[in-house]
Amino acid sequence: SQQGEEDPQALSIQEGENATMNCSYKTSINNLQWYRQNSGRGLVHLILIRSNEREKHSGRLRVTLDTSKKSSSLLITASRAADTASYFCVSSRGGYQKVTFGTGTKLQVIP
Amino acid sequence: DTEVTQTPKHLVMGMTNKKSLKCEQHMGHRAMYWYKQKAKKPPELMFVYSYEKLSINESVPSRFSPECPNSSLLNLHLHALQPEDSALYLCASSPNTGLDTGELFFGEGSRLTVL
């Protein structure tokens, strides 16, 4: 079963626009991570935010975490066609390495 | 070397065959994972190894048999699979075990087709 639910399930934007994806999770976490997957192949780690952090930046990525609401968001600024991919939030469920994926958001950036 | 290498990339097998998927990492990571991913779905956790010992089995059918011969290698032995087991099988490793695993490093996956 999935620990996280993401919305929207799919998002289509024009190149240059910002993309925001949201993730809600069920149990308490130690950290939350975001990954990208291109065309059903391997996953690439984007960013990790710890439970005692509220916001983190990495290049064009901004992640927020609200542990009281059990939610996180990923913002991609100035999107590019190469950002077209599926994005997943990932967290540890039930403690101890049950690292499970959210349902994912499929992002399409139109050139 | 920050790679996780999976072989084979593609595998086609019959329901009576026995085959294995292999995964290798040389980053000194002590936790390794198998995930199964069906088309248009998120990866689902199958097994976790911590310090070469099986620490998590997510109620996976016994026709999937994991093995961790040493800290760098992870195998998934396949026997008597069903067509619905066709999927992308992803291997990952992480530097840490326990609650704070750190970043997971993924291989490119092995795409399995069961006829």
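Two strands pair if DSSP finds at least two bridges between them. I also note that strands (E, at least two residues) and helices (H or I, at least four residues) are DSSP runs, numbered from the N terminus.

**Ground rules.** I am looking at a predicted model, where local features need pLDDT of at least 70, side-chain atom pairs count only at pLDDT 80 or more, and totals for chains, interfaces and linings use all residues. Residues are numbered from 1 along each chain as its sequence is written, chains are lettered from A and ligands numbered from 1 in the order in which they are written, and side-chain values use heavy atoms, with hydrogens and water left out.

**Entry 1: strand 11 of chain A.** I began with the pairing. Strand 2 (residues 10-14) of chain A runs parallel to strand 11 of chain A, with 5 bridges between them. I looked up A:Ser12 and found A:Gln108 as its bridge partner in strand 11. Strand 9 (residues 85-92) of chain A is antiparallel to strand 11 of chain A and is joined to it by 3 bridges. Here I picked out A:Ala85, whose bridge partner is A:Leu107.

Then I checked the side chains along strand 11 (residues 105-110), and they alternate. A:Thr105, A:Leu107 and A:Val109 point to one face and are buried (under 20% relative accessible area; exposed is over 50%, partly exposed in between; 1.4 Å probe, protein chains only).

**Entry 2: A:Ser79.** This one sits in the loop between strand 8 (71-76) and strand 9 of chain A. I find A:Ser79 buried, at 2% relative accessibility. What does its side chain reach? A polar atom of the A:Ser79 side chain lies 2.8 Å from the backbone oxygen of A:Glu17, and one lies 3.4 Å from the backbone oxygen of A:Gln14. Setting aside residues up to four places away in sequence, A:Ser79 touches several residues, including A:Ile13, A:Gly16, A:Arg60 and A:Val109 (contact means heavy atoms within 4.5 Å).

**Entry 3: a sheet in chain B.** I traced an open sheet of 4 strands in the order 1-3-8-7, with antiparallel pairing. Strand 1 (4-7) and strand 7 (64-70) of chain B each have a single partner strand, so they stand at the edges and one side of each has no neighbour in the sheet. The twist averages 20° from one strand to the next. Strand 1 and strand 3 (residues 18-25) of chain B run antiparallel and are joined by 4 bridges; I noted B:Lys22 in strand 3 as the bridge partner of B:Thr7.

**Entry 4: B:His29.** I located B:His29 in the loop between strand 3 and strand 4 of chain B. Is it buried or exposed? B:His29 is buried, with a relative accessible area of 6%. Its side chain makes a polar contact with the side chain of B:Ser93 at 2.7 Å (a pair of N or O atoms within 3.5 Å; within protein, one must be able to donate a hydrogen and the other to accept it, and residues adjacent in sequence count only if both atoms are side-chain atoms). Beyond four places in sequence, the contacts of B:His29 include B:Ser71, B:Pro95 and B:Phe105.

**Entry 5: chain B against chain A.** I get 30 residues of chain B in contact with 25 residues of chain A. About 2,200 Å² is buried between chain B and chain A, with 52% given by carbon and sulfur atoms (accessible area, 1.4 Å probe, that two parts lose on being put together, summed over both). On the chain B side, strand 4 (31-37), strand 5 (44-50), strand 6 (53-57) and strand 9 (87-94) each give two or more residues. I count 4 residue pairs in polar contact between the chains, both residues at pLDDT 80 or more.

How values were computed
Axes are lines fitted to C-alpha atoms, for helices over the stretch in contact, and angles run from 0 to 180 degrees between N-to-C directions.
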